[in-house]
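Q: Could you walk me through this model and say what stands behind each label?
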Amino acid sequence: MFITFEGIDGCGKTTQLKLLYPWLKEQGLNPVITREPGGTALGEQIRALLLSTQQGPQTPAAELLLYAAARAELVTTVIQPALQAGRLVIADRFSDSTLAYQVWGRGLDRTWAQRVLSGATGDLEPDLTLLFDLSPAVSLARTKRGDRLEKESTDFFNRVRKGYLTLAREEKDRIRVIDVHHKDMAAIQAEVREKIGRLLIKHA
Ligand code: Z5A
């Protein structure tokens, strides 16, 4: 099974993934946890480039292709082997990030982006995506706003959020939205466990 966590910067998804891990171990699972961009030696180098304020890509197309290159490496060398071995894989970001950030955020053509992603992932789709929905007004106050993406404007993050919510409307079965406004970490974690627990029971 393949699960992804998505949302704008500062939405709390990485915190939730850390809280989830011991619970999954208690359930007898030994999940593979990964993040994007990154998760492989090449991916971590691409990540450094993408987040660098000095060496990062100058064009949206180059940006998208770098995310896609990191993902191709991750899918082939980490995610698919783990899935084939029957492991649960959870990724902090996957293809929905590219659609939300590079298509809605940067304005790239969706059809082209989807063709590139299809080639990079071999059409791998998550079984479940948890979208942590938070307004940029709240999330950006939580981030350090130091890396290249974090320096983007509130308008940019509003477009990214709109992209995510559009994707969630289009794919109601796969993408489950968790509204994280005015909720503490424990309350959000209870929702995460409930949604993942259902999927685990369905696939037991
Ligand atoms: N990107 C892209 O453009 N295209 C792509 O295809 C992909 C990615 C894959 C990766 O940066 C950047 O690349 C990202 C999208 C873009 N850029 N942006 N902007 P990253 O990996 O460094 O970062 P990230 O994934 O965006 O976020 P993160 O650092 O992992 O943060 P988070 O998961 O969103 O949030 P967090 O670290 O769990 O929490 C943030 C803070 O809020 C932290 O201090 C927590 O203690 C606090 N927090 C968490 N939950 C709560 C609640 N409930 N209440 C109050 N405070 C909370």
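This is a predicted model: local features need pLDDT of at least 70, side-chain atom pairs count only at pLDDT 80 or more; totals for chains, interfaces and linings use all residues.

Q: What other pairings involve β3 or β4?
A: β1 and β3 pair over four bridges, in the parallel sense, with Phe5 opposite Asp92 in β3. Strand β4 (residues 128-133) pairs with β5 over five bridges, again parallel. There, Leu131 has Val177 of β5 as its bridge partner.

Q: What is the order of the strands in the open sheet?
A: Five strands line up as β2-β3-β1-β4-β5, with parallel pairing. β2 (32-35) and β5 (175-179) are at the edges with a single partner strand each, so one side of each has no neighbour in the sheet. On average, neighbouring strands are turned by 20 degrees against each other, direction ignored.

Q: What makes α1 a helix that packs on the sheet?
A: Contact means heavy atoms within 4.5 Å, and helix α1 (residues 13-26) touches β1 (2-6), β2, β3 (89-92) and β4. Its direction makes about 160 degrees with that of β3; axes are lines fitted to C-alpha atoms, for helices over the stretch in contact, and angles run from 0 to 180 degrees between N-to-C directions.

Q: Are the β3 residues Val89, Ile90, Ala91 and Asp92 buried or exposed?
A: Buried, meaning under 20% relative accessible area with a 1.4 Å probe and protein chains only. Val89 and Ala91 point one way, Ile90 and Asp92 the other.

Q: Why is one space called a cavity and another a pocket?
A: On a 1 Å grid over the protein atoms alone, a cavity is a set of points where a 1.4 Å probe fits but cannot get out, whereas a pocket is an open set with protein on both sides within 12 Å along at least five of seven lines. Lining residues have an atom within 4 Å of a point. The whole structure holds one cavity of 30 Å³ or more. Its lining is Gly7, Ile8, Leu131, Phe132, Asp133, Leu134, Arg161 and Tyr164, with β4 giving the largest share, three residues.

Q: What lines the largest pocket?
A: This pocket has about 1,000 Å³ of space, a volume being the space filled by probe spheres set on the points, which are joined across faces, edges and corners. Of its 39 lining residues, Asp9, Gly10, Lys13, Thr14 and Arg93 are the closest to the centre. α1 gives the most, with seven residues.

Q: Which residues lie nearest the centre of the second largest pocket?
A: Ser95, Leu99, Gln114, Leu117 and Glu125, out of 16 lining residues. The space is about 230 Å³, and α5 supplies the largest share of the lining, five residues.

Technical notes:
Residues are numbered from 1 along each chain as its sequence is written. Side-chain values use heavy atoms; hydrogens and water are left out. Two strands pair if DSSP finds at least two bridges between them. Helices (H or I, at least four residues) and strands (E, at least two) are DSSP runs, numbered from the N terminus. Buried means under 20% relative accessible area, exposed over 50%, partly exposed in between (1.4 Å probe, protein chains only).
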